[in-house]
Amino acid sequence: MQASAASALPPGWLAIESMDLDAQGVAHRPDGKVVFIDGALPGELVSASTGRKKNNWEQAQLTEIHRESSQRVRPLCPHFGLHAGACGGCKMQHLDAGAQVAVKQRVLEDNLWHLGKVRPETVLRPIHGPAWGYRFRARLSVRHVLKKGTVLVGFHERKSRYIADMQTCKILPPHVDALLMPLRALIAGMDARDTCPQIELACGDRVTALVLRHLEPLSGADRQRLRDFAAQHGVQWWLQPKGPDTVQLLDAGGEALAYELPDFGITMPFRPTDFTQVNPHINRVLVTRALRLLQVQPHERVIDWFCGLGNFTLPLATQAREVLGIEGSEALVARSRENHAKNQAQRPAGQALAATIFVARNLFEMTPELLMADGSADKWLVDPPREGAFALAKALADIHQARIGAEGAAALPAGSAGWQPPARIVYVSCNPATLARDAGLLVHQAGYRCTAAGVVNMFPHTAHVESMAVFERVEAGGSRPV
């Protein structure tokens, strides 16, 4: 809102114009100062009490709503809100689920333009699914609170290091939500109640795994308590005495933790501390759309950058001639190879997976020389962590700048004449800011067009923005590649 419009409001009132990446309402005071307001929604007229102040902005707490947004809804979870002790796991339960998607789409487009000076030619239809019971991965903190005479198991309070007193959580699958109070009782009855700071949840399609972090060795009695709990509630216990590499099953045997990608006939085994997508419903749609947008042909070679366990790599291997999966973690590369071998052995006759190679490499130290050493590929799938894929995009841009003879461009290594950049790139992002930065490089320095982009609502009721963008190489003269 312009300063003149803001000054027309009654004294102390603020008009909420948008939401930021932390799900705070954004307003302006008559003097132009930006105000971020917890709990306020776009279109509302509110009053707020100022907390933190800086020269150009301030943070405030919602105190009164004078005109309510038509998109404001009653939160399903009793632990959501601005009150003392409120859970900090969700920030947008007060906003209609459909409106949350629209806000995230706006955040994506704003980041692409303001940070990367990129406008996608087409806005993809948002990918969204169940708004509740979707969180198949979670890290629950555990604390024996002597003053309260209880054990707390859950997420942290809003803007606090304390654990929220959660008795229910509607974003967890219903069968896990029902475990919160029994887990509190279990830990309270253990000898190690004071030395178990965390329980990590990992749900597969048929197995629910719980990883107990314990700072001291567990007694035989505690191990039996865990076994009894597992038998009663149908879960699988893993123990973590130190770092993630020390995670082991409490008792060997039992069904393996895995999820399926039915559109491709792929089953993905994983360990409970491996990175997998939080929302399996959305992940299935995400993989299918990414491959549809990539338009892989049977004769093509494809590179899957930041391949992880092979979430995209193995489906790509059902379509391409050859696939290269590159990942920074040696452990994940080893499991990717195992997953490929297991799926290859289970394929029907005549439907073998493509020749697939997995390698470990630090993708944050990419150079044109390293990039070319991996050979040309017709298509790329890029799925980086929050830091993005800057080094990869920069290496691609440096090659393009050298080839067009740009001023100051470094010379290319010997033998690089035959290397060709990919005709199409599908970039899956969990951070719109780093996607926008990398998109700016691809479009303005690497010779690509951003043909499409859209949001993927992987985390309903949170401010987290997952997205997907498609880039096509522009040939000399401005035409698309054939």
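In β5, which residue is the bridge partner of Leu 14? The partner is Val 46, and this contact belongs to the antiparallel pairing of strand β1 (residues 14–15) with strand β5 (residues 45–53), which spans 2 bridges. Strands here are DSSP runs of E of at least two residues, and helices are runs of H or I of at least four, both numbered from the N terminus; two strands pair if DSSP finds at least two bridges between them. Strand β5 is also joined by 7 bridges to strand β6 (residues 57–67), again in the antiparallel sense. A hairpin of 3 residues links β5 to β6, and Leu 45 has Arg 67 of β6 as its bridge partner.

The model is predicted, with local features needing pLDDT of at least 70 and side-chain atom pairs counting only at pLDDT 80 or more, while totals for chains, interfaces and linings use all residues. Residues are numbered from 1 along each chain as its sequence is written, and side-chain values use heavy atoms, without hydrogens and water. The mean pLDDT (the predictor's confidence in each residue, from 0 to 100) is 94 for the chain, and 97% of its residues reach 70 or more. Over residues 477–482, however, pLDDT is below 50, and this stretch has 10 contacts (heavy atoms within 4.5 Å) beyond near neighbours in sequence.

The largest nonpolar core has 86 residues, and Leu 212, Leu 226, Trp 237 and Val 426 have the most contacts inside it. Such a core is a set of buried Ala, Val, Leu, Ile, Met, Phe, Trp, Tyr and Cys residues joined through side-chain atoms within 4.5 Å, buried meaning under 20% relative accessible area (1.4 Å probe, protein chains only). Helix α6 (residues 280–294) gives the most to this core, with 7 residues.

Key: Buried means under 20% relative accessible area, exposed over 50%, partly exposed in between (1.4 Å probe, protein chains only).
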